Amino acid sequence: MTALDLHHLHKSFGTVQAVQEVSLSVAAGETLTLLGPSGCGKSTVLRCVAGLERPDSGRVEVAGRDVTALPPEARHVGLVFQDYALFPHLSVLGNVAYGPRMRGAARTTAEAQAREVLALVGLEALASRRVTQLSGGQQQRVALARALATGAGLLLLDEPLSNLDEQRREELRSELRALFARVGAGVLLVTHDQREALALSDRVAVMRSGRVVQQGAAPQVFDRPATAWVAAFLGWENLLPGGPGRVRLVPETAVRLGTGDAFPVTRRQRTDTGLTVTVAHPHGPLTLHLSAREAAALDGDALRVDVDASRVLDVPDDRVDGAAP
Ligand SMILES: Nc1ncnc2c1ncn2[C@@H]1O[C@H](COP(=O)(O)OP(=O)(O)OP(=O)(O)O)[C@@H](O)[C@H]1O
């Protein structure tokens, strides 16, 4: 069953076309991440799904039901947005039980449900604490628990880990993936962080200027960008000139070191894991990341490299069309 289906969604703010022709779906138990530069329309898509914005045209279906005209509270989706908006005067348990209470559950039932999801996110021991007495990471988990307690088949997460330090982010990232799998809800996630997208998502949709320009299984999109713009956005470094209007994408895994012809090293920069070098290859400058061991073996000012042409991707160059983000 699909948790979410978006059909041809459009939303403008004045002259800004924030979302154009966006169609996508999220299956139950699946996590789809919207990726794209700031201002490309990710949050607007999420807000249209939540019912916080009304699309100009298009249809939003949650679990097969058309909810396009319904207010947020009638859509039955769980929201975790950047500011968690927890109730400071309530305990952890009170915050999580709030949703079920609002839907008419008796106090004891609501609290039992709340304890169940608090156990899922590993916070049962803190149930009676005030949320103001929690760390940022713990508050984040309360926000998640509150969304889960609604029992919604669709969770919307907007930069859910943005307020955490790097170490907490990594911990919560792996916890979240397991948690999503356990609850079986569909998840639509927005993040700026590509590592987060790769770690958490089954699929990703890359947005540019309000449109989805590529979607697919996460490893596939990261490994096989469809265009030069997507490659550059995803952090590919070696975009070499191809035929007219084309770009050759050289994955680092296509480059073997220490064999083939020797080419001059034109730049070298020490990094925390080794050395980054740029090699003047006849096809164009190649940037390569060498491990400490490979760097130690680098002899003089030249490097032997052999590019496996069968692994080079030939894609259209769509980078310069003057479009906004
Ligand atoms: N309420 C609004 N009024 C006017 N313009 C808006 C409004 N909300 C969003 N926009 C504009 O719509 C476009 C898309 O914004 P949106 O917040 O969806 O982008 P985003 O990809 O989520 O960005 P970020 O990653 O920075 O959060 C932007 O140009 C933004 O300025």
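1. Two strands count as paired if DSSP finds at least two bridges between them. Strands (E, at least two residues) and helices (H or I, at least four) are DSSP runs, numbered from the N terminus. With those terms, three strands form an open sheet in the order β11-β12-β17, with antiparallel pairing. β11 (239-241) and β17 (313-316) are the edge strands; each has a single partner strand, so one side of each is left without a neighbour in the sheet. On average, neighbouring strands of this sheet are turned by 40 degrees against each other, direction ignored. β12 (residues 246-249) and β17 run antiparallel and are joined by four bridges. Arginine 246 has proline 316 in β17 as its bridge partner.

2. Some ground rules. The model is predicted: local features need pLDDT of at least 70 and side-chain atom pairs count only at pLDDT 80 or more, while totals for chains, interfaces and linings use all residues. Residues are numbered from 1 along each chain as its sequence is written.

3. Overall make-up. The protein has nine helices and 17 strands. Its C-alpha atoms fill a box of roughly 75 × 45 × 35 Å along the principal axes. Of the 325 residues, 38% count as buried. Buried means that 20 or more other C-beta atoms lie within 10 Å of the residue's own; exposed means 12 or fewer, and partly exposed is in between, with C-beta atoms placed from the backbone. Take contacts between residues at least 6 apart in sequence: 63% join residues at least 24 apart. A contact needs the two C-beta atoms, placed from the backbone, to lie within 7 Å.

4. The ligand shell. Which residues surround the ligand? They are Phe13, Val16, Ala18, Gly36, Ser38, Gly39, Cys40, Gly41, Lys42, Ser43, Thr44 and His192. The cut-off is a C-beta atom, placed from the backbone, within 6 Å of the molecule. β2 (16-27) and α1 (42-50) each supply at least two shell residues. The largest share, three residues, comes from α1. By type, the shell has four nonpolar residues, seven polar and one charged. Here Ala, Val, Leu, Ile, Met, Phe, Trp, Tyr, Cys and Pro are nonpolar, Asp, Glu, Lys and Arg charged, and the others, Gly among them, polar.

5. Strand β7 (residues 154-158). Five of its five residues are buried. Side chains of a regular strand alternate between the two faces of the sheet. In β7 both faces are covered: Leu154, Leu156 and Asp158 lie on one side, Leu155 and Leu157 on the other. β7 pairs in the parallel sense with β6 (residues 78-80) over three bridges. Glycine 78 has leucine 155 as its partner there. Five bridges join β7 to β8 (residues 186-190), also parallel. In that pair, leucine 157 partners leucine 189.

6. Two backbone points to check. Alanine 63 is not a glycine, yet has a positive phi of about 50 degrees. Alanine 63 sits in the loop between β4 (57-62) and β5 (65-66). Serine 209 has a positive phi near 50 degrees, and lies in the loop between β9 (203-208) and β10 (211-217). Alanine 63 is partly exposed, with 18 other C-beta atoms within 10 Å. Serine 209 is partly exposed too, with 17 C-beta neighbours inside 10 Å.

7. Leucine 93, in helix α2 (residues 92-102). Leucine 93 is buried because 21 other C-beta atoms lie within 10 Å. Leaving out residues up to four places away in sequence, leucine 93 touches Glu111, Ala114, Ala127 and Ser128.

Conventions: Axes fitted to C-alpha atoms, helices over the stretch in contact; angles between N-to-C directions.
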